[in-house]
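Please open the structure in your viewer and keep the selection panel at hand. This tour goes from one stop to the next, saying what to select and what is there.

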Amino acid sequence: MVWRHTLPSKAKVSAAKAAAKAAPVDPPARLAVRKTYKLYIGGAFPRSESGRSYPVTDAHGKLLAHAAQASRKDVRDAVSAARKAFAGWSGATAYNRGQVLYRVAEMLEGRREQFLAEVIAAETGTAADAAAQVDAAIDRWVWYAGWTDKYAQIVGGANPVAGPYFNFSLPEPSGVVGIIAPQESSLLGFVSVVAPAIAMGNTVVVIASSQRPLPAVSLAEALATSDLPGGVVNLLTGSAAELAPWLASHLDVNCLDLTGIDPADRVPLAVAAADTVKRVFAPGPIDLAADPGMSRLGAFVETKTVWHPTGV
Amino acid sequence: MTITSVASGTSGLSDVTSDDASLRRFLHGLPGVDQVGAEGRAVALATRSIKTTAKAWAIDAAIGMVDLTTLEGSDTPGKVRSLCAKAVRPDPSDPSTPPVAAVCVYPDLVATAVQALRGSTVQIASVATAFPSGRASLQTKLADVRDAVLAGATEIDMVIDRGAFLAGRYLQVFDEISAVKQACGTAHLKVILETGELVTLDSVRRASWLALLAGGDFVKTSTGKISPAATPPVALIMLQAVRDFAARTGEVRGVKLAGGIRTTKEAVRYLVMVNEVAGPRWLSPHSFRFGASTLLNDLLQQRHKLTTGAYDGSDYVSID
């Protein structure tokens with residue numbers, strides 16, 4: 001290989017020197033450290049397998065950062081990470097899951113200012129709206145942390161049967177849940193769909209809001225430091241329209257939450273999900289300000305009924 | 001790479017094994033391996049992109065090259081029978097899936113495999129010669145081999161005496177392989193070098209040539225009981241050895257990679273390496289094999305993805 005050096009002419013050099021003398025420019029106090037927003041798969045923060053990324057802008061079109069644009073192979077990797085984590089997470093005691101979820105709330109509380117800034121940048125509302133959203137998101141973790149070891153007591157129970165048996169019904173986690181998070185609410189919407197699914201012992205693959213993914217990625221950093229085992233929550237950013245069909249047709253996904261998909265676009269996904277008899281949850285418009293209630297806790301559980309002979 | 005430093009002409013190869021000194025001179029006269037170069041070449045070959053129809057071909061070719069293996073102390077006749085059923089029809093939901101090349105079991109389970117594979121094209125391979133350590137007397141090793149052949153094994157996987165090889169007693173290793181080859185009769189002989197214990201790529205090259213000179217039909221990387229097992233640089237050196245051996249003698253011998261190959265991606269990379277280093281005529285179960293158990297499941301999952309367009313999980317393939 002031949003290297004060709006182009007030497008600046010003497011005149012140019014002296015002109016540059018003169019300019020430097022005439023207008024001394026203060027160097028910046030320190031270099032800007034820009035954040036790379038990546039995926040969260042199996043407890044690690046990889047870039048997309050495809051190498052793609054896309055610009056994320058605020059409401060006024062100003063560039064905030066580039067986020068990873070996940071591909072179908074990232075969906076595949078995320079699902080296998082979720083499947084791998086399922087045995088451990090669903091086998092953990094409900095009490096332990098509650099403690100871990102409460103720790104997520106603690107982590108969020110400590111980084112409240114960061115999330116506030118990110119939500120303000122991502123969304124169109126006022127600072128007060130954003131603060132309310134961050135507070136509600138933290139409170140929601142606490143709410144679902146409390147439910148982990150209480151839900152079975154409310155919906156499970158002893159059934160009266162005509163025979164010499166004790167008969168119990170218990171809710172058990174469904175498995176791997178594919179979630180398309182709400183598109184409008186970047187943080188509270190994400191928390192509202194993810195927390196109830198993992199509280200019940202499921203593991204999830206969640207596609208964040210396509211236009212406003214950044215707070216969710218920062219939340220994943222909080223999850224990674226909250227004793228939540230790797231693979232319980234797997235976060236993908238990118239185009240929900242591109243990724244959701246792979247999630248819907250994946251044979252190893254047990255449930256599909258279509259909250260973030262426009263009702264008009266839900267049918268093809270539900271059809272693809274029907275091939276493997278997935279449990280499809282396609283609720284109406286989600287009211288994030290309202291009391292979250294228990295409805296989402298029941299979306300991804302299966303009821304196991306046990307017959308135990310009496311008199312032994 | 002061409003070999004010019006060794007004894008000249010094809011007839012020279014019979015001379016080199018006449019006594020210990022000639023054999024040592026020949027093996028130590030082989031060109032030294034440039035380890036950094038070999039690793040670099042292996043990495044470079046792994047970057048090829050194999051997609052769509054080429055990938056479909058590669059997956060089916062790889063399935064047809066698998067020696068479906070179970071070598072556990074806990075093996076039972078039932079487990080071997082289920083493995084044989086899987087070998088004949090790897091994907092019961094898709095009859096177009098080719099059968100694997102062979103099943104590989106311990107000698108005492110060969111009879112079970114023979115019964116289960118009657119009427120199929122699947123070969124019966126058996127490990128022998130005090131697998132996996134190879135620490136037994138020659139008589140015991142030969143008895144082990146005869147036992148397996150008598151039970152119906154069509155391929156024998158023997159282990160070399162790594163202790164003797166590393167101590168430089170090459171003729172002893174050579175004689176042992178020759179004796180085992182004789183005991184095999186018509187059965188094919190695969191010679192396990194256990195490259196994880198050979199330390200350097202130079203040793204791998206010498207051991208490969210030693211095995212080929214002694215009449216091994218295949219050189220095989222490892223028992224699967226030692227880590228590291230099959231690695232790309234080791235495969236590269238072994239493929240070079242069979243290629244150069246064919247150039248010298250006109251005889252095509254095979255390579256079997258065993259241990260640690262678990263994904264379709266790795267398998268396809270090795271197929272690329274076979275094609276590029278040895279040549280396309282080696283892309284056949286007669287001259288290239290994968291010794292594996294979990295690899296087959298990943299191949300089937302990838303095949304399923306290509307035919308249906310949807311990903312599946314490990315629940316859709318059998319555990320063993």
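## Stop one: a helix and what covers it

Select helix α10 of chain A in this predicted model, and then look at what covers its buried residues, which includes α9 (240-249), β8 and β9 of chain A. The buried residues of this helix, which spans residues 266-274, are Arg266(A), Leu269(A) and Ala273(A). They cover an arc of only 70° around the axis, which puts them on the same side of α10(A). Now colour Val267(A), Pro268(A) and Val271(A), which are exposed on the other side of α10(A). As a general rule, an α-helix has 3.6 residues a turn, so residues three or four places apart point the same way.

## Stop two: the open sheet of chain A

Next, select the five strands that form an open sheet in chain A, in the order β7-β6-β5-β8-β9 and with parallel pairing. At the edges stand β7 (233-236) and β9 (279-281) of chain A, each with a single partner strand, so one side of each is left without a neighbour in the sheet. If you look along the sheet, you can follow how neighbouring strands are turned by 15° against each other on average, direction ignored.

Stay with chain A and pick β5 (residues 176-180) and β6 (residues 203-207), which run parallel and are joined by five bridges. To find one of the paired positions, select Val176(A), whose bridge partner in β6(A) is Thr203(A).

## Stop three: a salt bridge in chain A

Show the side chains of Lys304(A) and Glu172(A), which meet in a salt bridge with 2.9 Å from N to O. Lys304(A) lies in strand β10 (residues 301-309) of chain A and Glu172(A) in strand β4 (residues 165-173) of chain A, so the pair ties together parts that are 132 residues apart in sequence.

## Stop four: the barrel of chain B

Move to chain B, where eight strands close into a barrel in the order β1-β2-β3-β4-β5-β6-β7-β8, with parallel pairing. From one strand to the next, the twist averages 25°. Helix α9 (residues 170-184) of chain B packs on the sheet, where it touches β4 (155-159) and β5 (188-192) of chain B, and its direction makes about 150° with that of β5(B).

Now select Lys190(B) and Glu155(B), which form a salt bridge whose closest N and O atoms are 2.7 Å apart. Lys190(B) lies in β5 and Glu155(B) in β4 of chain B, so this pair ties together parts that are 35 residues apart in sequence. Lys190(B) counts as buried at 0% relative accessibility, and Glu155(B) is buried with a relative accessible area of 5%. Both belong to a network of salt bridges that also links Asp67(B), Asp157(B), Lys220(B), Lys256(B) and Arg289(B).

## Stop five: where the chains meet

Finally, show both chains together and look for the 12 residues of chain B that are in contact with nine residues of chain A. About 910 Å² is buried between the two chains, and carbon and sulfur atoms give 54% of this area. In chain B, select Ala310(B), Tyr311(B) and Tyr316(B), which lose the most area to chain A and together account for 57% of what that side buries. Between chain B and chain A, the count of salt bridges is zero.

Methods:
Residues numbered from 1 in each chain as written. Chains lettered and ligands numbered in written order. Predicted model: local features only at pLDDT ≥ 70, side-chain atom pairs only at ≥ 80, totals over all residues. Heavy atoms only, no water. Pairing = 2+ DSSP bridges. Helix = DSSP H or I, 4+ residues; strand = E, 2+ residues; numbered from the N terminus. Axes fitted to C-alpha atoms, helices over the stretch in contact; angles between N-to-C directions. Buried < 20%, exposed > 50% of the residue type's maximum accessible area, 1.4 Å probe, protein only. Arc of directions from axis to C-beta. Contact = heavy atoms within 4.5 Å. Buried area = accessible area lost by both parts, 1.4 Å probe. Salt bridge = Lys/Arg side-chain N within 4 Å of Asp/Glu carboxyl O.
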